[in-house]
Amino acid sequence: MEPKLNLNKKMPSFPKKFFGNTFGKITAISSAVLIVFLLFSTFYIVNPGNVGVITKFGAVQGDILSEGIHLINPVSTKIIPINVRVQKIEADATASSKDLQNVTSKVALNFFLSKEKANTIFQELGLDYRVTIIEPAIQESIKSATAAYTAEELITKRPDVKQDVFASIKDRLEKNNIIVTDFSIIDFNFTEEFNKAIEKKQIAEQLALTAKNDLNRIQTEAQQALAKAEGEANANLAIAKAQAESQRLLKESVNNDILELQAIEKWDGTLPMVIGEGNGNAFFDIVGAMNKNKAK
C-alpha cells in the first residue's frame, strides 16, 4: 500500500522576526550604498588638458569648469569633458592646378579649441568637429590655393602655397572658435605624365646650363688670351720706344770730344798715322787731343 499524504498537516513557517530583521538589513545596506553613490556623484573631476561643459536637464550652461574637482548636483547636472590641448590632424586632398593638372597633397594641421568658447563649440559643433568642420575646411582651402598656381609653381613656390593655405584654413576655423597653430604640406603628388614632362624639362635645362657655362668659359679664356696678347704687345712697344729714345739720346750726346776721349782711352802708346784721301795726307794729332783734354 502506498502511504497516504496528509494534506491537513501544516507546513513549517519562518518567524516574523526573521523577515523583519532581514528586510531591515537590506534596506539599511541599500540606503547606505545609495548615500555613498550620491555623495560621490556630487563631485566631478576635470582632468588636465580638459574643460567641463555643464548641462542642466540637457541645456548647455554659460559656465565652464576648469581643471580640478568640482561639486555638482548629480540629479540635474551633467558634465561633458572637452579636450583643449593642441591636437594634430593629417588629411589627403585632391585638387586641380591653374593649368588643370591633377594634384594630390598630404597636409598636417595643428590646432586647439578655445577654452572660453568650449560650451559654444559643444552646442554648435558637437564632439565630431574634426569631421564636420576641420576636414572640409582643409579640403576647400587647398583647392582654392592650388587653383591659383600652375603645377610647376606648386613646386617652385611651395612656401607661398603653404602660406596661402594656412591663412585660408586659419580664417575659416577661427570663425568656429578653433585656433590653428601650424600647418605643413607633407607632400605634393602629380600625374605620371606630368612627372615625366618635368624630368625632361629639367634635363633640357641642365644641358642648356652646361652649354652656357662652356660658352662663358670659352669667352673668358679668349678674353684672357686677348688681354695677355695686348699686354705683351704694349710691353714690346714700350721696350721699342725706350730703345729708340736711348739711341736718340746717345746720338745727340756723341761729339768730337767724346770720340777723342774714347780713342785716348783705347790708345796703346803707338802714334798711328792716318792717311786720308781727298785733301792729301792727314795726320790725327793724338798728342794734341791729349793736351786739349788736359786743358779742359
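Modeller: Happy to! In what follows, a contact means heavy atoms within 4.5 Å. Please keep in mind that this is a predicted model.

Let's start at Ser97, which sits in the loop between strand E6 (87-96) and strand E7 (102-113). Is Ser97 buried or exposed? With the cut-off for buried at under 20% relative accessible area, Ser97 counts as buried because its relative accessibility is 4%. Leaving aside residues up to four places away in sequence, Ser97 touches Val103, Thr146, Ala147, Tyr149, Thr150, Ala151 and Leu154.

In soluble globular proteins, nonpolar side chains tend to be buried together. Here the largest nonpolar core has 38 residues, and those with the most contacts inside it are Leu109, Ile134, Ile138, Ile169, Leu173, Ile178 and Phe183. Helix H3 (residues 129-146) gives the most to this core, with 7 residues. A second, separate core of 5 residues includes Val46, Leu65, Ile72 and Ile79.

Leu65 also leads us to a sheet: Leu65 in E3 is the bridge partner of Gly52. Strand E2 (residues 50-56) pairs with E3 in the antiparallel sense, over 4 bridges. The open sheet has 3 strands in the order E3-E2-E5, with antiparallel pairing. Strand E3 (59-65) and strand E5 (77-83) each have a single partner strand, so one side of each is left without a neighbour in the sheet. From one strand to the next, the twist averages 30 degrees.

Methods:
Residues are numbered from 1 along each chain as its sequence is written. This is a predicted model: local features need pLDDT of at least 70, side-chain atom pairs count only at pLDDT 80 or more; totals for chains, interfaces and linings use all residues. Side-chain values use heavy atoms; hydrogens and water are left out. Helices (H or I, at least four residues) and strands (E, at least two) are DSSP runs, numbered from the N terminus. Buried means under 20% relative accessible area, exposed over 50%, partly exposed in between (1.4 Å probe, protein chains only). Two strands pair if DSSP finds at least two bridges between them. Axes are lines fitted to C-alpha atoms, for helices over the stretch in contact, and angles run from 0 to 180 degrees between N-to-C directions. A nonpolar core is a set of buried Ala, Val, Leu, Ile, Met, Phe, Trp, Tyr and Cys residues joined through side-chain atoms within 4.5 Å.
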